[in-house]
Amino acid sequence: MEIQRGKDGGRERRRKWNELGRRGQGEGRGGTAEGLSRDTPAPCSCSGYDGHCDLHVGITNSQGVVYNYDQEGVHRDGSGWEQCISVPLVQPDMWELLQQWDKLLEEFSLEEAWLPHRYEEQQHNCYTFGLAFINRVRQGRGGAALSKAEFTERFLLARTREASRYLGLQQQLAHRDVYIVPLAEQEQDSVAGAHSLLLE
């Protein structure tokens, strides 16, 4: 799942974001979610994300195309999510599911539930789209559906808090003569500790 800052809905906001260079894209790897529900009047800037803005949600296919839903229906964005928060949904060893991922996502996105006139900002939005797809896959694999509260608490809050802390630190360091270099072992540890959303 990919999570992105902003207000749920509206090509105009997307156009403005693109002009500002604030939107980002998840890397091509099916089985991630991109974005979170955006209910604020204007998008948060990348450097200004403080953990309080609502976000826009989307799901990537194996080619990195982000499927997301707003009042205009389902969009398939090949770019514009480069600065999102990525929440891994599928572990690399789940090759059977990965083989079906694109087909499941495309079929799901074509359902009547995701037509533009069905959109409702508070109850039937991008978050609903992402969570409904996740629950469809979980239930197809014999897992229980997650409620919005459970999904948020178990999988999203930690990621958004981590992003907020990182961005705060980045802002502080930007005003000093410091160069930040990621350590390969830290990246490995964070991948190894990731939960599989679709197996729990």
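Reply: Let's start with what counts as a pair: rings of Phe, Tyr and Trp (its six-membered ring) pair if their centres lie within 6.5 Å, and planes under 30 degrees apart count as stacked, over 60 as edge-to-face and the rest as tilted. Before we go on, this is a predicted model, where local features need pLDDT of at least 70 and side-chain atom pairs count only at pLDDT 80 or more, while totals for chains, interfaces and linings use all residues. Residues are numbered from 1 along each chain as its sequence is written, and side-chain values use heavy atoms, with hydrogens and water left out.

With that rule, you get 10 aromatic pairs. Take Trp 114 and Phe 129: their ring centres are 5.2 Å apart and the planes sit at 90°, so this pair is edge-to-face. Trp 114 is in the loop between helix H2 (95-109) and helix H3 (126-140), and Phe 129 is in helix H3, so the pair ties together parts that are 15 residues apart in sequence. Helices here are DSSP runs (H or I, at least four residues), numbered from the N terminus.

Are these two buried or exposed? Buried means under 20% relative accessible area, exposed over 50%, and partly exposed in between (1.4 Å probe, protein chains only). Trp 114 has 6% relative accessibility, so it counts as buried, and Phe 129, at 0%, counts as buried too.

Now zoom out a bit: Trp 114 and Phe 129 belong to one aromatic cluster, together with Tyr 69, Trp 101, Phe 108, Tyr 119 and Phe 133.

Key: Helix = DSSP H or I, 4+ residues; strand = E, 2+ residues; numbered from the N terminus.
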